[in-house]
Amino acid sequence: MMPPFALKSDCFERSLNLLPVRLTKKEVCALLRLSLNELRMYTIEDKEFPKAIKNGTTKQSSVYYDYNEILQWHQIQLSKRE
């Protein structure tokens, strides 16, 4: 089943119809239509929100989110409102 939305990516990925495996904070915000501050609040207050994956051991390492976990969380939120 294809997700209801996909992110823009480079030409190579589009030609192969690949979906992203990991998302940056900005990509998660674009996908969920959130501001960075709203995303931060979800990560603090919502215990069901997917945990970030740190790409390294330093304090300044990049943070990513798993694409499938974000989609699953979103589907759960949609089912709660119905």
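Begin the tour at helix α4, whose buried residues pack against β1 (22-23), α2 (25-32), α3 (36-45) and β3 (62-66). Keep in mind throughout that this is a predicted model.

**Stop 1: helix α4**

Select residues 67-81, which make up helix α4. At 1.5 Å a residue, the 15 residues of this helix should span 21 Å, and since its end C-alpha atoms are 22 Å apart, the model agrees with that expectation. Now colour Y67, I70, L71 and W73, which are the buried residues of α4. If you turn the view until you look down the axis of α4, these buried residues fall within an arc of 160°, so they line one face of the helix. On the other side of α4 you will find N68 and Q72, which are exposed.

**Stop 2: W73**

Stay in helix α4 and centre the view on W73. With a relative accessible area of 7%, W73 counts as buried, because the cut-off for that word is under 20%. Which residues does W73 touch, if those up to four places away in sequence are not counted? They are L32, Y42, D46, E48, F49 and P50. Of interest here is F49, which is 24 residues from W73 in sequence, while the two C-alpha atoms are 6.5 Å apart in space.

**Stop 3: the salt bridge**

Next select K80 and E48, which form a salt bridge with their closest N and O atoms 2.8 Å apart. K80 lies in helix α4 and E48 in the loop between α3 and β2, so the pair ties together parts that are 32 residues apart in sequence. Side chains of opposite charge can pair when their charged atoms come close. The structure holds one salt bridge, and its member E48 counts as partly exposed, at 46% relative accessibility.

**Stop 4: helix α2**

Move to α2, residues 25-32, and colour V28, C29, L31 and L32, which are the buried residues of this helix. Seen down the axis of α2, they fall within an arc of 165°, so they too line one face of their helix. Just after α2, select R33, whose backbone takes a positive phi of about 60°.

**Stop 5: the sheet**

Switch to a cartoon view and pick out the three strands, which form an open sheet in the order β1-β3-β2 with antiparallel pairing. The edge strands are β1 and β2 (53-55), each of which pairs on one side only. Where β1 meets β3, the two strands pair in the antiparallel sense over two bridges, and here L23 has Y65 in β3 as its bridge partner. Between β2 and β3, which also run antiparallel, there are three bridges. To follow this pairing residue by residue, select K54, whose bridge partner in β3 is V63, and then I53, which stands opposite Y64 in β3.

**Stop 6: the loop between β2 and β3**

The hairpin of β2 and β3 has six residues between the strands, and in this hairpin G56 takes a positive phi near 140°. In the loop between β2 and β3, select S61. Is S61 buried or exposed? Its relative accessible area is 15%, so S61 is buried. The side chains of S61 and T58 are joined by a polar contact of 2.9 Å. Leaving aside neighbours within four places in sequence, S61 is in contact with K54, N55 and G56.

**Last stop: the whole chain**

Finally, zoom out to see the whole protein, which has four helices and three strands. Read along the sequence, these elements follow the pattern α-β-α-α-β-β-α. Buried residues make up 24% of the 82 residues. Among contacts between residues at least 6 apart in sequence, 52% join residues at least 24 apart.

Notes: Residues numbered from 1 in each chain as written. Predicted model: local features only at pLDDT ≥ 70, side-chain atom pairs only at ≥ 80, totals over all residues. Heavy atoms only, no water. Expected span 1.5 Å × (residues − 1). Buried < 20%, exposed > 50% of the residue type's maximum accessible area, 1.4 Å probe, protein only. Arc of directions from axis to C-beta. Contact = heavy atoms within 4.5 Å. Pairing = 2+ DSSP bridges. Salt bridge = Lys/Arg side-chain N within 4 Å of Asp/Glu carboxyl O. Polar contact = N/O pair within 3.5 Å; in protein donor to acceptor, adjacent residues only side chain to side chain.
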